[in-house]
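Dear colleague,

Please find below the sequence and the structure that I am handing over to you. My notes on what was found follow directly after them.

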Amino acid sequence: MTQLPAHTEKKLGLVIDLDTCVGCHACVVSCKGWNTENYGAALSDQNAYGKDPSGTFLNRVHSYEVQPDQGAAQTIHFPKSCLHCEDAPCVTVCPTGASYKRVEDGIVLVNESDCIGCGLCAWACPYGARELDQAEGVMKKCTLCVDRIYNENLPEEDRQPACVRTCPAGARHFGDLGDETSDVSKLVKERGGFDLMPEQGTKPVNKYLPPRPKDEQIDILAPLLEPVAAEPKGFLGWLDKTLEKL
Amino acid sequence: MNQPVINLSPKVSDEVRKTTCYMCACRCGINVHMKDGKVAYIEGNKDHPVNQGVLCAKGSAGIMQHNAPSRLKAPMKRTGPRGSGEFEEITWEEAYDIAVGILEPVRRDNPEKLAFFTGRDQSQSFTSLWAQGFGTPNYAAHGGFCSVNMAAAGIYTMGGAFWEFGQPDWDRTKMVMIFGVAEDHDSNPIKMGLGKVKARGAKVYGVNPIRSGYNAVADEWVGITPGTDGLFILSLVHELFKAGKIDLHYLAQWTNAPVLVNGDEKSEDFGLLMRDKDNKLMVIDRTTGKPAAFDKKGVKPDLAGSQRVKGVTHRSVFQHMAEKYLDPQYAPEAVAEKTGITAERIKRIAAELADVAFNQAIEVKQEWTDFRGETHDKFVGRPVSFHSMRGISAHANGFQTCRALHMLQIILGTVETPGGMRFKPPYPKPPEAHPKPHCKVTPGQALDGPHLGFTHGPDDLALKEDGSPARIDKAFTWENPMSSHGMMHMVISNAHAGVPYKIDTLFMYMANMSWNSSMNTRGVIDMLTDKDENGDYVIPNIIYSDAYSSEMVSYADLILPDTTYLERHDCISLLDRPICEADAVADAIRWPVVEPDRDVKGFQSALCDLGGRLGLPGFVNEDGSQKYQDYADYITNHIRRPGVGPLAGFRGNGDEHGRGESNPGQLDAYIENGGFWMEHVPEDAAFFKPWNMNYQDWAVKKSFFDKPMPYLFNLYVEPMRKFQLAAEGYGTRQPPDHLRERIKATMDPLPIWYSNEDENKADEYPVTALTQRPMAMYHSWGSQNAWLRQIHGHNPLYVPTKIWEENNFKEGDWAKVTSPHGEITVPVAHQAALNENTIWTWNAIGKRKGAWALEDDAPETTKGFLLNHLIHELLPPKGDGLRWSNSDPITGQAAWFDLKVRVTRADAPADTQSQPNIPAQKSPVGKGPENLTWKLGK
């Protein structure tokens, strides 16, 4: 049983825009690349060139179809990684203290040297955001690129999570959601950002921005198509008059 | 609380090397982080014009591609029968001896017996030079089976199309409409652009039978019936004409809409454009009412102009357009059923286009001068933009459909205006600025000019003196007179049939012709292995270059192993498929950020060696010695025109850009600059480029062309009329009789739409089957990537609700899919967001056992499949005794997306393998490791 901090100085997290996510998996693979080479054990791959290849990923994109009452079915791309919850059940369930939430920024991390790979935290996480690395036997999860965001060896503009830096559509935003004046907090307010599965009571820091309404077919522009003519002869008469005015 | 102390500032890498990605054809800038001389991490280059720091899934997985177990290790000579995959490794010297032994006599006796086709080559200005030096007319890359319809329709109509040629003005547009769109063409710029547009709240329309990717985020999805895009577009044109919502000023000033068309039915010039005694296009000047040259200072070209001479009336192009597009056949009510879009919706979309273009016009204050000498104080923008590539191209009506889309943009007055579609340097260029095709063969000599180009009438066709095709692929013949990119998809079947003639050697690069890059895959495999009555292969010699153990490797007699993209020199050249942006001219390089650890060589360097040994003009010095030691030497020192070489940046002493002498330090200067060179388009040259003298003068300075060449957009494409006139019996070069009616019907100089359903037996096969390329996997050379195959490891057949329910399909079921040509049995999955008469799957995920160093039970080989087995290079027999090519009759573009099928539920195959289950080939590189833990740092 591990304790959560009563308060964190910041609430760093991601804001993910479901209106612009095209489901390209750029964030998934950029995350895999950075975190294979950096924090903790490599993200391994089993059966890499064989049947049922399966590796460790800290971020995955799921796709769903939604059928509205009216109109065509819609496709939603839904990236999912650790949401760095304020009431993170993965931390409180950890028997060794390996899982912890940082006081200074609220990032939830696994101290791999204390992790015994029991898997309780993955079981406790309602979002399925943790994966046990099969080669190393330790629990892996999104670190919010803790080794990038403060990294003095990186140019300042690159001090953001790999997934945010790489997202081609600009659908991922990083910042302090505990600060009402931050860009991410403003974005959440403007766009009606929401919590994933709030009924779980985990108080996730990451937020999702909803897709805008789609396929609205309100026809207010019909008068614009008022015919000037229905056949070529009448059209030429209109043309002549209009060209005079040009 | 006791928190562990962690290192928040670990060392990221020893060094960052900046080069160009090659995980698809997008060509983004990448930062390759090195540790201990090895590749540790790849990210996007923030300074690069294409991707500005972002990088897609493919690019980020480059490390797995670079280290793939499927990499070829050394040159190889075939030891077993073709297709067996049995090879022995040889030295490069032995490989060159074998190649020269084959090619030298071919060149000496009859160079046309070499067919040299370079697939997804990004160095065509180099490989075509090699082929010209060899003297064979048989050269092309993969454009003919990809998107030539879009490219050629764009060039002929307005001097450029999309992607390399132009892009929506993402920063200003208020409405974007994308048709089709392969998710791996210009992929990062489109995603960045859509992100910007959506952040501004502007509307995105997706016109596509499948609602995935970009269409999933589109604000409005138009799930059109495949192959009817042209009809939908012409219906929008009809509505806009009827309502007078067209940019009359733009059409009068900048297009050939006011140019007079010869109306004399008895003349051999009937339907051609009228010219004055100086051979200038003729318009009626609205001020005087008299004919005048289109470019005369002060002329006011009259869209309604006509001239009556000797009892014959010659009317403007615009009058012909009005007559054609006001016809009720294009009324929304008339096209609704065929397109699957209701008449109300077509009308509403037309009204939205008109509203944004005309009621929401924007202005950029800027003085500029047009080619008639008139000075303007602003650029007026019509902020509607479009994008499209392969989806509307890969149909037999694709050329005219792409033309229709370009015409729609032009009548709205959006092209080259703020908020509309903007060209990227070195485009726009009029069709006349491009070469014409060349095909004159002289034994032992170079070809008489570049192979590929643009035909302007029957005189430009690639025909021999007896009228037979000069090229093995029959490009630029009466069967497809405007086949500007060649027809790679016809090479193997024509070579096997010996029609139009037999060849000796097939030499290919980066082209998986025995698998996903061919129609009729099984048939092509048989053609590659077929033997004649003497027991010799019908295609006697096959030389192939690839970096990886692809399916095609096992069909070659000699393998020249290429490097990975991080081990090679390349230039992304303005002479080729450039990477510029609307506001900047740019080119880039690849360089060996790591040296190969295998006995492999960049294919272009191998061609320098072969060119030297064969004594090819352009590849040897005057004393006969090899001219270029390797590709880097060529990139630095080749001079195409005085002062112009493969790279435009850092010429002369390193401070000249565009034109200048060769600079021995040029590649170092590129490396120093982050792997690319870029210069911004001046602000007074930013828009209206075809007519803007500020741009034209700048373009000459930068070497895009040698003198200003302003031109009019060709709403009416006169060369097409010239082919029609020949079919009507005029002129000395005449088409064969069986093609006359088709040429008359399809080569309309104004965009039309025609159905391809009957040819594909849609009455018996009512469902259209499509493929798409996923964003996270390239369709050509990436499908064994250890990380990406976990995202796209197999490809179910996606089935819409109607067909799903008709067949009582359930999760895990299999379907039999039958076309007029073949049958496959494959796993199905349900997708509701899909046109109800369309099925589809991801392209080229299916792999052959033994290829790509995959295990034999990899899902790509067991469940994965190709639709290619259902598609034939010829259309089903019509009963006229002839077999017609499954291609666009104008350009020869492969009509992949005309495929019609029937779908029925099937029992799972006994081996639970997708059918046909083509037997394994032997892997010349062994198999990959079971597990990966990839980490260089501690």
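I begin with one strand of chain B, β21(B), which is covered on both of its faces: B:T505, B:F507 and B:Y509 are buried on one side, and B:L506 and B:M508 are buried on the other. Please keep in mind throughout that this is a predicted model. Counted by residue, five of the five residues of β21(B) are buried. As background, side chains in a regular strand alternate between the two faces of the sheet.

The sheet around this strand

β21(B) belongs to an open sheet of seven strands in chain B, with the order β5-β4-β23-β22-β21-β6-β7 and mixed pairing. At the edges of this sheet are β5 (87–89) and β7 (139–140) of chain B, each of which pairs on one side only.

Which strands pair with β21(B), and in what sense? Strand β21 (residues 505–509) of chain B runs parallel to strand β22 (residues 541–546) of chain B, and five bridges join them. Within this pair, B:M508 stands opposite B:Y544, and the bridge partner of B:T505 is B:N541. Strand β6 (residues 114–117) of chain B also runs parallel to β21(B), with four bridges between the two. Here B:A115 stands opposite B:L506.

The nonpolar core

The largest nonpolar core has 360 residues, and B:A115 is listed with B:A57, B:L236, B:V237 and B:A769 as having the most contacts inside it. This core draws at least three residues from each of domain 1 (166–423) and domain 2 (767–906) of chain B. In general, nonpolar side chains tend to be buried together in soluble globular proteins.

What does B:A115 touch, leaving aside its neighbours within four places in sequence? The residues in contact with B:A115 are B:N138, B:I472, B:V491, B:A495, B:I503, B:L506 and B:F507.

A buried helix

Helix α5 (residues 148–158) of chain B is mostly covered, with eleven of its eleven residues buried. Among them are B:V148, B:N149, B:G154, B:Y156 and B:M158. The elements that cover the buried residues of this helix include β19 (384–388), α13 (390–393) and α14 (398–411) of chain B. After α5(B) comes B:G159, which has a positive phi near 90°.

Two further sets of strands

A second open sheet in chain B has three strands in the order β1-β2-β3, and its pairing is antiparallel. Its edge strands are β1 (15–20) and β3 (38–44) of chain B, each pairing on one side only. From one strand to the next, the twist averages 30°. Six bridges connect strand β2 (residues 29–35) of chain B with β3(B) in the antiparallel sense, and B:N31 stands opposite B:E43 in β3(B).

There is also a hairpin, formed by β15(B) and β16(B), with two residues between the strands. In the turn, B:K310 has a positive phi of about 45°. Strand β15 (residues 306–309) and strand β16 (residues 312–316) of chain B run antiparallel and are joined by four bridges. Across this pair, B:R308 stands opposite B:T313.

Domains and chains

How far apart do the C-alpha centres of domain 1 and domain 2 of chain B lie? The distance between these centres is 34 Å. The contact between the two takes 21 residues from domain 1 and 25 residues from domain 2 of chain B. The side of domain 1 that touches domain 2 has eight nonpolar, ten polar and three charged residues.

The contact between the two chains takes 93 residues from chain B and 80 residues from chain A. On the side of chain B, helix α12 (residues 343–359) gives the largest share, eight residues. By class, that side of chain B has 48 nonpolar, 21 polar and 24 charged residues.

With kind regards

Definitions and conventions: Residues are numbered from 1 along each chain as its sequence is written. Chains are lettered from A and ligands numbered from 1 in the order in which they are written. This is a predicted model: local features need pLDDT of at least 70, side-chain atom pairs count only at pLDDT 80 or more; totals for chains, interfaces and linings use all residues. A nonpolar core is a set of buried Ala, Val, Leu, Ile, Met, Phe, Trp, Tyr and Cys residues joined through C-beta atoms within 7 Å. A residue is buried if 20 or more other C-beta atoms lie within 10 Å of its own, exposed if 12 or fewer, and partly exposed in between; C-beta atoms are placed from the backbone. Domain bounds come from an automatic or database domain assignment. Two residues are in contact if their C-beta atoms, placed from the backbone, lie within 7 Å. Ala, Val, Leu, Ile, Met, Phe, Trp, Tyr, Cys and Pro count as nonpolar, Asp, Glu, Lys and Arg as charged, and the others, Gly among them, as polar. Two strands pair if DSSP finds at least two bridges between them. Axes are lines fitted to C-alpha atoms, for helices over the stretch in contact, and angles run from 0 to 180 degrees between N-to-C directions.
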